[in-house]
Amino acid sequence: MVYGTVNSDTGLTKPITINTLRKMKSDGIKFATVALYDAPMAQMAQKTGVEVLLVGDSLGMTVLGYDSTIPVTMEQMIYHVEAVRRGNNKSLIMGDMPFMSYATPEQALSNATRIMQAGAHMVKLEGGEWLADTVKMLGERGIPVCAHLGLTPQSVNKFGGYRVQGRSDEQAEEIIRDAKLLDAAGADLLVLECVPVEVGKRVTEAVNMPTIGIGAGAETDAQVLVINDILGLTEQPPKFSKNFLVEAKDIPDALNKYNADVKSGAFPAEEHTFG
Ligand code: KIV
């Protein structure tokens, strides 16, 4: 195996680090990310070779029944990061910073410390230019950061709904400029959510850090899907998602298919992307 990280019986054999992901980007090999929230799913992800796990604040909607991510608390994030970490000691684990937990650099430092001490290897923050100093400060103190641009769900009330971002030239240029600023500030990864294929491609070409798309087309360095969507548990699945369980014999098989389709470029297909 090229990266010496996957065995077909036991799954990941070596811990995935940011260096593994950078090498995958430079070698043109795509990596799979799954947003999940508990130990059994985290264990299955390890066995099926999923490189990155995101303990997303989407858990507010997928697990806790809220209608947005805004009510999610630090305590809830810590509880789920701890559970995921207990189930998986090989994938790289990212923990989402919940709404208003990083509004100032001081809050960001103290709350990111708690997420890291719960077992995450990296924190994820939503936002552009205004976060560049925070990203730099966290990085200097040893806390890796995944940035998140495009549709940032914590700003749903500002956007007036869950809408594709970056459709106008002005919006697209702003996303690309923000991505470059965050890259220069030392961000380690970038989630790009719900942007046209062309914007996903241009951002990926413009930055050094690996990009992870969700509804951002097939040209990003990696893909992320929420476990509920992969397993067909979502009542109204988003256009960019795919139920991998319908063609699979069980949950590990569905995760295997997702991982394989990300690597081969079969997922996302055109029907999962925005023009
Ligand atoms: O919270 C989450 O699961 C996320 C992904 C949808 C990218 O941010």
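## Terms and basis of the model

A residue is called buried if its relative accessible area is under 20%, exposed if it is over 50%, and partly exposed in between, with a 1.4 Å probe and protein chains only. Helices (H or I, at least four residues) and strands (E, at least two) are DSSP runs, numbered from the N terminus.

This is a predicted model, in which local features need pLDDT of at least 70 and side-chain atom pairs count only at pLDDT 80 or more, while totals for chains, interfaces and linings use all residues. Residues are numbered from 1 along each chain as its sequence is written, and side-chain values use heavy atoms, with hydrogens and water left out.

## The barrel

Eight strands close into a barrel with parallel pairing, in the order β3-β4-β5-β6-β7-β8-β9-β10. From one strand to the next, the twist averages 25°. Two strands are said to pair if DSSP finds at least two bridges between them; angles run from 0 to 180 degrees between N-to-C directions, and axes are lines fitted to C-alpha atoms, for helices over the stretch in contact.

## Strand β10 and its neighbours

Strand β10 (residues 222-226) pairs in the parallel sense with strand β3 (residues 31-35) over five bridges. Within this pairing, Val-224 is the bridge partner of Thr-33, and Val-226 is that of Ala-35. Strand β9 (residues 211-214) runs parallel to β10 and is joined to it by two bridges; here Ile-212 has Ala-222 as its bridge partner.

Five of the five residues of β10 are buried, so the strand is largely enclosed by the rest of the structure. Ala-222, Val-224 and Val-226 point one way from β10, whereas Gln-223 and Leu-225 point the other way.

## The ligand site

The side chain of Ser-58 places an N or O atom 2.5 Å from a ligand oxygen, and for the side chain of Asp-96 the distance is 3.1 Å. A polar side-chain atom of Lys-124 lies 3.0 Å from an oxygen atom of the ligand. Taken alone, the ligand exposes 250 Å², of which the protein buries 95%.

## Asp-250

Asp-250 is found in the loop between α10 (227-230) and α11 (251-264). This residue counts as partly exposed because its relative accessibility is 32%. A polar atom of the Asp-250 side chain lies 2.9 Å from the backbone nitrogen of Asp-253.

Terms used: Polar contact = N/O pair within 3.5 Å; in protein donor to acceptor, adjacent residues only side chain to side chain. Areas by Shrake-Rupley, 256 points an atom, 1.4 Å probe, with all protein chains shown as cover.
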